[in-house]
Amino acid sequence: MTSSTTSSSSCPYLDTINRTLLDFDFEPSCSITLESSPHIYGCLICGKFFRGKGRQTPAYTHSVTEGHCVYVHLTKGTFWCLPDDYEIDKMEPSLQDIRLALHPTFTTNQVRELDAQNTELVRDLFGRRYLPGYVGLNNLNKTDYLNCVVQALAHVRPLRDFFLLAPNTCQDDDNDVARRMMLSNGDGNDVATAATGSTNGKRKMTSSSTLSSTTTIPYEQFSPIAKCFSLLLRNMWSPNRFKSNVDPHMLVQAVSVASNKRYHVGQQAEAGEFLSWLLHQLHVGVGGAIVQRSSKKKKTKKNKKKSRSGGSIIHETFMGHVEMTTVVTRRKRRGEKAALTMLNEGGRDAAATASSTINDTALLDYDDDDDDRAGSDDEETIERKRQKREILKSLADETIVEEEETVTETQFLQLTLDIPEKPLFKDDDGGLVIPQEPLVNVLRKFDGVSFSDVLAMHQQTTESNEGGTIVSKKRRYKLKTLPNYLILHLSRFKRNGFFVEKNPTIVMFPVKNFDLSSYVFPEGGRREVPTEDQVRAMSTKELKKLLVDYGHGDVANNVIEKNELLQHCLDFVSTSLPDLLADKYDLVANITHDIPAEVGREGTKHNPLEEGSYRCHVQHKATGQWYEMQDLEVRETMPQLIGVSESYILIFERKGAVSSTT
């Protein structure tokens, strides 16, 4: 029988589909041959995956031997009937829920309403209620660090919106047809607005107005990690799930392959290091440029370098700029050349200072006209020359200390903060007295004044390439610009030659209105909010520039009338702009690390990293309720408990930051 498309009414096997056995979270690979290919079909009766649909293929054999006739192409989303080998009509209403569960997609209107109207619980096939976006992730054996990082990033609005809308650039209208049939009694204006263009044969994807300056590669060319991350976020926020939890199996596999099993199932890892690695992989995976930095350094007192970033949603969301001043102190031998130069330039005073044992300053007079031929000198001249050589040798062997200062301006995706050391004293039960430290004290590292000892942190003394031993190396950090979403990594784990130690110090921080203006030193000074009279006096060009500079380019480009543009500018200046310029932040996500009570006490040998577990706190924007997520468990919590937990990673959102779908 030849393959052909047949109407759905002629397929008599649709009532044999068993949705309770369907699970599309796993990697599409054949359960018989274990192959992973673009042509893997899922049996809708038993839920198993098979390769191919032609004769002699596992899917065809399974349909004949087991009598299971309805299959779905796991990549294309098309439905087939085997062994008759015909495609079921894509307009079949009874299959649209399976299509949306296989490949969840979102329109711009739906994404815009996620934070405002996502308040109703939905049910899965088993009757369990869940809130889309606040679902548990299955722990695949010590993958809780990955689950918490994904949960935190899934609530960063620009990043979330970008990956939710990313597949819209490459998919056809099949998903829109399915969604309209599922929501036929809903809003008929819910149409995807993700735009695609053409430039030199390559497509541009702009998922929103805020990201209009971000040009990425098409979704088909995303890296495997970026595709799996996008699919995982769409599954987490989908209201059409067949089960109330999500398995991050595909992302875990992609991470294991890309990291060469550095992050692998059954092996615990630091969430801070993994977050930094994952952000870089996502940046490259969506088409971001890799910045090549030159290894050459100019030997000047102050050497300013400025690296250029490659645009991506990762850099636009998390990247800030910091000025780093490095002061290196070296101890080395002066050398013969420098000693001779010192004698010639400094003369008698320099030599007398260097050699206090010489009483006769007349011997320090250096005469270039002395005759060195044999027999031409008397005993007094010979003695004077010998003493000159001794002085020169003494100056050359003298140890001097030099300081070199280098100023470098660089970018960052997260700021690593050093926590004060844990106390040495124990309590009555043999445990540590856990101290508390405000976050503003920990941030003194970036106040632009305090120096931190680099060698003390690395616990090593290095040999300089320029000669001599580096006895001290200090750095001072000065923040130039902060991103809209600031990631703070509290360095709690330290490794030595024997074991891993964890610093249990509690870092206290505010959940709302965290003011960082005293730590930011922008170029040219801090900008001031224009007054209403100044805004009204601006021209149309100046009004548009004001909106574009602060991420409201969509309003500037879409408004035609000056009166309407002026009203938008006045509203923006009176509401959002003061918060943007004030550098105030609200907490978005908090990742904590907990260890059992007996770990770290005297007489016990435990690895706090291996024995501990991660938890994540995120806030529901519509209701203001905070949720605590630990693998499959999702429960409500109070914000007062978040600020006194053993926080490990903090993600803050700038007040007044523009949502990616506004």
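What percentage of the 662 residues of the protein count as buried? The share is 48%, where buried means under 20% relative accessible area, exposed over 50% and partly exposed in between, with a 1.4 Å probe and protein chains only.

This is a predicted model, in which local features need pLDDT of at least 70 and side-chain atom pairs count only at pLDDT 80 or more, while totals for chains, interfaces and linings use all residues. Residues are numbered from 1 along each chain as its sequence is written, and side-chain values use heavy atoms, with hydrogens and water left out.

**View 1. The whole protein.**
The protein has 22 helices and 26 strands; these are DSSP runs numbered from the N terminus, helices being H or I of at least four residues and strands E of at least two. Contact means heavy atoms within 4.5 Å. Among contacts between residues at least 6 apart in sequence, 72% join residues at least 24 apart.

**View 2. Helix 5 and its cysteine.**
In helix 5 (144–153), 10 of the 10 residues are buried, and the helix is described as mostly covered. Among these buried residues are D144, Y145, N147, C148 and V150. C148 has a relative accessible area of 3%. The closest cysteine sulfur to that of C148 belongs to C616 and lies 5.5 Å away, too far for a bond. A disulfide is a pair of cysteine sulfur atoms within 2.5 Å, and the structure holds zero of them. Another cysteine, C30, counts as buried at 1% relative accessibility.

**View 3. F229 in helix 8.**
F229 is found in helix 8, which spans residues 224–237. Is F229 buried or exposed? F229 counts as buried because its relative accessibility is 0%. Leaving aside residues up to four places away in sequence, F229 touches V150, L153, F163, L251 and L282. F229 and V150 are 79 residues apart along the chain, yet their C-alpha atoms are separated by 8.3 Å.

**View 4. The crossing of helix 6 and helix 8.**
The axes of helix 6 (residues 157–165) and helix 8 come within 8 Å and cross at roughly 100 degrees. Axes are lines fitted to C-alpha atoms, for helices over the stretch in contact, and angles run from 0 to 180 degrees between N-to-C directions. The two helices are therefore roughly perpendicular to each other; angles under 35 degrees count as roughly parallel, over 145 as roughly antiparallel, 65 to 115 as roughly perpendicular and the rest as oblique. Helix 6 contributes R160, F163 and L164 to the contact, and helix 8 contributes A226, F229, S230, L233, R234 and W237. By class, this contact has six nonpolar, one polar and two charged residues. Ala, Val, Leu, Ile, Met, Phe, Trp, Tyr, Cys and Pro count as nonpolar, Asp, Glu, Lys and Arg as charged, and the others, Gly among them, as polar.

**View 5. The crossing of helix 8 and helix 10.**
Helix 8 and helix 10 have axes that come within 8 Å and cross at roughly 105 degrees. That makes helix 8 roughly perpendicular to helix 10. From helix 8, I225, A226 and F229 meet W277, L278, Q281, L282 and G285 in helix 10. The residues in this contact are six nonpolar, two polar and no charged.

N245 is found in the loop between helix 8 and helix 9 (249–258). N245 is buried, with a relative accessible area of 18%, and touches D25, G136 and L632, not counting residues up to four places away in sequence. In helix 9, the buried residues are M250, L251, V252, A254, V255 and S256. They pack against helix 5, helix 8 and helix 10 (271–285).

**View 6. Strand 13 beside strand 17.**
Strand 13 (residues 415–418) has a covered face, made of L415 and L417, and an uncovered one, made of T416 and D418. Four bridges join strand 13 to strand 17 (residues 485–491), and the two run parallel; strands pair if DSSP finds at least two bridges between them. L417 stands opposite L490 in strand 17.

**View 7. The loop between strand 5 and strand 6.**
P83 lies in the loop between strand 5 (79–81) and strand 6 (86–88). A cis peptide bond joins L82 and P83, with omega about 5 degrees. D85 is found in the loop between strand 5 and strand 6 and has a positive phi, near 60 degrees, in a residue other than glycine. At 16% relative accessibility, D85 counts as buried.
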